[in-house]
Amino acid sequence: LGSAVLCCEPSWSQDSQSFYFSSAAFGMIIPGLWRADATTGEVTTLIRGMESVGLPDVTGEPMVLVQSARELQDGDLYAFTASGTYEELYIDEETLSEIAPRLKMSRISAGGEIEPLRSDVYAVGEALWAVDASGAVITVMEGEAYPSGTLLWLTIDDAEPVVLGGHGFQPKWGMGVPLSPPSDDPIDVRYGVKLPAEYAGLVYSTEEGLWLVESDGRSRFILDQPEGALSPDGVKVAYSQGEVEDLWVADLSTGEKWNRTATSDRREFAPEWWPEQPSLVVFQSKSVEEALFGYGKPTVVNLDGSEYRVLDDQKGAPIALSPDGKTIAFGCCDGPGVLYAWPDGPSIFDPAAYGVNAGKLFLPDWSPDGKKLAWVVGQL
């Protein structure tokens, strides 16, 4: 996707024909906003946040920071932005200590003009935009708690921000129809913040566990596991538990919980559901002899616990599941990637076949229509 060093946060356009890249960092790279044509690789600069690579705290050069840029259903581009010199953005005037820059919710025109949407500013860790362009869930960075932060819902006007209860990170939208708990629901039914009903289906985490916004806007506490994954039908949650982590599945309608792996020699973690393969749970696993931190190997198991399968014992995650339910892409962190044609088996994906010489591929990402696959490429 072009020859420039661009970073970070790639996101697909609504028509799956291009990517947006935004950056609020500087040093080896520059801040700004770019669009890359997914067919030709041609890169268009929408906002160049600095004139040259370097340290603006030395040069005093003004810059523009752009974070979490995303094209939404209305066709407009949204992001969190800030502009000024290094001292204005990164130095607290009273204590003269370094701080994270405060960013403002903005709309960006096709020509790169920035229109502020709110007057308040935040040290934004992550942003999850509502596709209908009504607002975003953000995490607010808080020193030693990073990457976990306060979860806020911000509309695209100056309405009061809504605190979503506690701390969390990596927010994602729910995919299923939320359930109203029956009167004899064995799950502990507790309710938190109330949101407008149109945000029903949102799943988010706090230190307590997993929450689901129901059809009436109430946030229901559904499981005491903060990093669980809700199934597409909204009925089950997959999560990891135990000193040697096993993969568990909980049924929210009955309260039943099952250990689906019970492996004493392997750890299972980072589960996710494949909407087109509803009887399958995809996750990462590694031997207990391997380092606790870092990626595992792509692994699957049937919902009933049968047919535990490590898809590749050499190549690791991250994993990307195709929207058509036919292919699992993965690869980290040296050499070509892997395309696993489900359920038949793997094949090597080498970008040399497309005219790109790369030493490693990782972080695969399918376009919404499933016709294109993007990778982060290293060692060109």
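Thr85 touches Gly60, Glu61, Pro62 and Met63, with residues up to four places away in sequence not counted. Contact here means heavy atoms within 4.5 Å. The model is predicted, so local features need pLDDT of at least 70 and side-chain atom pairs count only at pLDDT 80 or more, while totals for chains, interfaces and linings use all residues. Residues are numbered from 1 along each chain as its sequence is written, and side-chain values use heavy atoms, with hydrogens and water left out.

Thr85 and Met63 lie 22 residues apart in sequence; their C-alpha atoms are 6.1 Å apart in space. Thr85 sits in the loop between strand E6 (77-84) and helix H2 (86-90). Helices (H or I, at least four residues) and strands (E, at least two) are DSSP runs, numbered from the N terminus. Thr85 has 22% relative accessibility and therefore counts as partly exposed. The classes are buried (under 20% relative accessible area), exposed (over 50%) and partly exposed (in between), computed with a 1.4 Å probe on protein chains only.

Four strands form an open sheet in the order E1-E2-E3-E4, with antiparallel pairing. Strand E1 (11-12) and strand E4 (43-48) stand at the edges, and each has a single partner strand, so one side of each lacks a neighbour in the sheet. Two strands pair if DSSP finds at least two bridges between them. E1 and strand E2 (residues 18-23) run antiparallel and are joined by two bridges. Trp12 stands opposite Phe19 in E2.

Side chains of opposite charge can pair when their charged atoms come close. A salt bridge is a side-chain nitrogen of Lys or Arg within 4 Å of a carboxyl oxygen of Asp or Glu. By this rule, there are seven salt bridges.

Asp120 and Arg118 form a salt bridge through their side chains, at 2.8 Å from N to O. Asp120 counts as buried because its relative accessibility is 19%. Arg118, at 4% relative accessibility, also counts as buried. Glu214 forms a salt bridge with Arg220, and the closest N and O atoms are 2.9 Å apart. Both Arg220 and Glu214 are buried.

Another salt bridge joins the side chains of Asp216 and Arg218, at 2.7 Å from N to O. Asp216 is partly exposed, with a relative accessible area of 31%. Arg218 is partly exposed as well, at 32% relative accessibility. Salt bridges also link Asp76, Arg107 and Glu115 in a network.
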